[in-house]
Amino acid sequence: RSFNLVIAVDGPAASGKGTIAKAVARHYGLPHMDTGALYRAVGLAVLRRGGQPGDAATAEAAARALDLSLLEDRALRDAATSEAASGVAVHPGVRQALFDLQRAFAAQPGGAVLDGRDIGTIIAPDATAKLFVTASPEVRAARRQAELASRGEVRSFDEVLADVRKRDARDAGRDAAPLVQAGDAALLDTSDLAIDAAVQRAVALVENRIGAMRERG
Ligand code: CDP
Ligand code: CDP
């Protein structure tokens, strides 16, 4: 390839963006970064210190001294960690502390795939292809409920749906890098798509962008 293939995958909680990003990265032989895991690690660090995710100073300190071993922690995917991640992610200082790491990952030779909330808007605004992955809140809640159950965390559908809605509202409503579809991102609604079909559709959308780029020269 004569250019770095950078693919930005954004979307709300449990839309399927991580699954799609991983599969697309494998398809193109590119490295993949789950940027949500970074915010989860910061949120988990704050919880472990007995701090409040809403407290900017505590969250910023945790982000600047990011404990990478937390990325492998079993509690990274817990519902409480999701909530804490979204809580720390509102602070500009936290986002700034995680910025260089993500930028450098996106800029590596050959390209990369990153998934999160602000990849197409802030981290990689010049990405070759941008996907905005969505699904209805009910579908996303059902997926997340099943995922938590498979890990032994049993929650009611209504409880998970309320969590998903609350996190959507906070992620989209914050001032710092809110969750929003980039103007040049392709929308991929996975509500009625199985994983294989969603991945096929994602690859087709990326191929469109690569084709358009080749035509432009
Ligand atoms: O997998 P799920 O969509 O539930 O969450 P995640 O991608 O692991 O992200 C957890 C939280 O981190 C989100 O609710 C966001 O508040 C925050 N986040 C962010 O602000 N920016 C990113 N690029 C990625 C995640
Ligand atoms: O990264 P994000 O939180 O957006 O979602 P994910 O972790 O990729 O997917 C959340 C759950 O939904 C996982 O258990 C996936 O296997 C499942 N999923 C699905 O059932 N159908 C899809 N089209 C995509 C994901």
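Visitor: Is Thr 81 buried or exposed?
Guide: In this predicted model, Thr 81 has a relative accessible area of 2%. Buried means under 20%, exposed over 50% and partly exposed in between, with a 1.4 Å probe and protein chains only. Because the value for Thr 81 is 2%, the residue is buried.

Visitor: How should I read the numbering and the values?
Guide: Residues count from 1 along each chain as its sequence is written, chains are lettered from A and ligands numbered from 1 in the order in which they are written. Local features need pLDDT of at least 70 and side-chain atom pairs pLDDT 80 or more, while totals for chains, interfaces and linings use all residues; side-chain values use heavy atoms, without hydrogens and water.

Visitor: Which backbone oxygen does the side chain of Thr 81 reach?
Guide: Thr 81 sits in helix α4; helices are DSSP runs of H or I with at least four residues, strands are E runs with at least two, and both are numbered from the N terminus. Leaving out residues up to four places away in sequence, Thr 81 touches Arg 40, Leu 44, Leu 47, Ala 75 and Leu 76, where contact means heavy atoms within 4.5 Å. At 2.6 Å, its side chain reaches the backbone oxygen of Ala 75.

Visitor: Where is Ala 13, and is it buried or exposed?
Guide: Look in the loop between β1 (5-10) and α1 (17-28) for Ala 13. Beyond its neighbours within four places in sequence, Ala 13 is in contact with Arg 117, Arg 140, Arg 167 and Asp 168. With a relative accessible area of 2%, Ala 13 is buried.

Visitor: What separation do the C-alpha atoms of Ala 13 and Asp 168 have?
Guide: Ala 13 and Asp 168 are 155 residues apart along the chain. In the model, their C-alpha atoms are separated by 7.0 Å.

Visitor: Which helix gives the largest share of the shell around ligand 1?
Guide: Helices α2 (35-48), α4 (79-88) and α8 (157-173) each supply at least two residues of that shell. The largest share is four residues, and it comes from α2.

Visitor: How much of the accessible area of ligand 1 does the protein cover?
Guide: An oxygen atom of ligand 1 is 2.6 Å from an N or O atom in the side chain of Arg 40, and one is 2.8 Å from such an atom of Arg 95. A polar side-chain atom of Arg 117 lies 2.9 Å from a ligand 1 oxygen. Of the 520 Å² that ligand 1 has on its own, the protein covers 97%.

Conventions. A polar contact is a pair of N or O atoms within 3.5 Å; within protein, one must be able to donate a hydrogen and the other to accept it, and residues adjacent in sequence count only if both atoms are side-chain atoms. Accessible areas come from the Shrake-Rupley method with a 1.4 Å probe; for residues, only the protein chains shown count as cover.
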